[in-house]
Amino acid sequence: MRLIATLAATTGLVLLPAMAAADEAAKRAVLETYADIAHAGYEDSLITAKTLQAAIDALVADPSEARLATAREAWIAARVPYQQTEVYRFGNAVVDDWEGKVNAWPLDEGLIDYVDGGSYGRESDENPIYTANVIANKSLALNGETVDASTITKTLLSDVLHEAEEVEANVATGYHAIEFLLWGQDLNGSGPGAGQRPASDFSSTACTNGNCDRRAAYLTTATDLLIDDLEEMVALWADNGAARKGLLTSNANAGISTIVTGMGSLSYGELAGERIKLGLMLHDPEEEHDCFSDNTHNSHYYNHRGIMNVYLGSYRRVDGSMVTGPSLSSLVEAQDAAVDAELKEKLAASYSAMQAMVTRAENVEAYDQMIGEGNAAGNAVIEAVVEGLTTQTRSIERAVVALDLGQIDFEGSDSLDNPSAVFQ
């Protein structure tokens, strides 16, 4: 018996380091897949943004309703890959620090262009420049100083106007600034209809609402900035990019923690809470993510698709090709098959709820109508999405335990954690 015990102990001493090495290799392989999906997603975002840029260039060169419609379609298409990358924001500081330039919301659109005075307004002590209208004004008063805005440049938008006066609602760049310029304000509240900006707002011969040359300059400059910013993120996740290298050369468990932090924080605090539950509680169309275009249902849907991508290790590119590899799911399954099965079930349930929301948006009513006060049926569809996301977050927490990653704090939201604070 002593010999058998000794042999077993000796064998254990041989096998344990080998098992640890195999476990480490498995985690590294998952991180490689995660980085590959990031690069592909940002590259697809860049590809579709360049298509958007071409459509916008055509619009401002010869404005027409048909060309405006094409530009709007290109904007909606560009959201598909980008929204799937937002799962990388939480846990990756380089992405979180960058994200505000491209997807910040909500925005005080009066900073950018004309607005309807009867339906738009915020207290001036919250944002003293909420109606600055840079398109109509060649000089602005910011932080007690006069700023030359005679030429609309990338520097003016990104370094001077964006988050000016240290107000986050002063969004001057990114997808939503472009969205506002393509659609204009949605003045329908919780009624049917999106923004209805006319193509003549960009015309040099039949200009409506004034300053068409500056409006066109703002739109093309903001789009050029979006391209610059996406090129930066593509480079960061390329083979020798700093984001990829930082992830792959760090502690493997830290890298895996980054993945689940992104999944849990987007699922719970950001998506279920700030982007969905808050607007539902307030019945406020101003709280919907793509509020000018009524594209919010798609943005939420593809956010969730992004969570599934990184867990399952699979991403479908805009050209139809697939990026696949070892997945976080396989790591969880190896530690606790029941937890993996549960999480996949909950992800699928949320996906079904999202699909129901998209189907309703495409066939019955827009997202801002669904969250409207008194719309029991529409509210229930959105509430089911919130419930799916919060429930799957509990399963993500169990995956953290199965992987023995220690404590990971996901982003929270008053709308979920302290609802009474929303109304104070």
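This is a predicted model: local features need pLDDT of at least 70, side-chain atom pairs count only at pLDDT 80 or more; totals for chains, interfaces and linings use all residues.

Reader: Fine. How many bridges join E1 to E2, and which way do they run?

Author: Four bridges join strand E1 to strand E2, residues 145-148, and the two run antiparallel. Within that pairing, leucine 140 of E1 stands opposite valine 147 in E2.

Reader: And what sits between the strands of that hairpin?

Author: Two residues lie between the strands of the E1 and E2 hairpin, where asparagine 143 takes a positive phi near 50 degrees.

Reader: Which residues of E1 are on the covered face, and which on the uncovered one?

Author: In E1, which spans residues 139-142, Leu140 and Leu142 make up the covered face, whereas Ser139 and Ala141 make up the uncovered one. In a regular strand, side chains alternate between the two faces of the sheet.

Reader: Switching to the cysteines: which ones are joined by a disulfide?

Author: Cysteine 207 is joined to cysteine 212, with an S to S distance of 2.0 Å, and the count comes to one disulfide. The link between cysteine 207 and cysteine 212 is right-handed, with 90 degrees about the S-S bond.

Reader: Is cysteine 212 buried or exposed?

Author: Cysteine 212 counts as buried, because its relative accessibility is 4%, under the 20% cut-off. Its partner in the disulfide, cysteine 207, is partly exposed at a relative accessible area of 36%.

Reader: What about cysteine 291?

Author: Cysteine 291 is buried too, with a relative accessible area of 12%.

Conventions: Residues are numbered from 1 along each chain as its sequence is written. Side-chain values use heavy atoms; hydrogens and water are left out. Buried means under 20% relative accessible area, exposed over 50%, partly exposed in between (1.4 Å probe, protein chains only). Two strands pair if DSSP finds at least two bridges between them. A disulfide is a pair of cysteine sulfur atoms within 2.5 Å.
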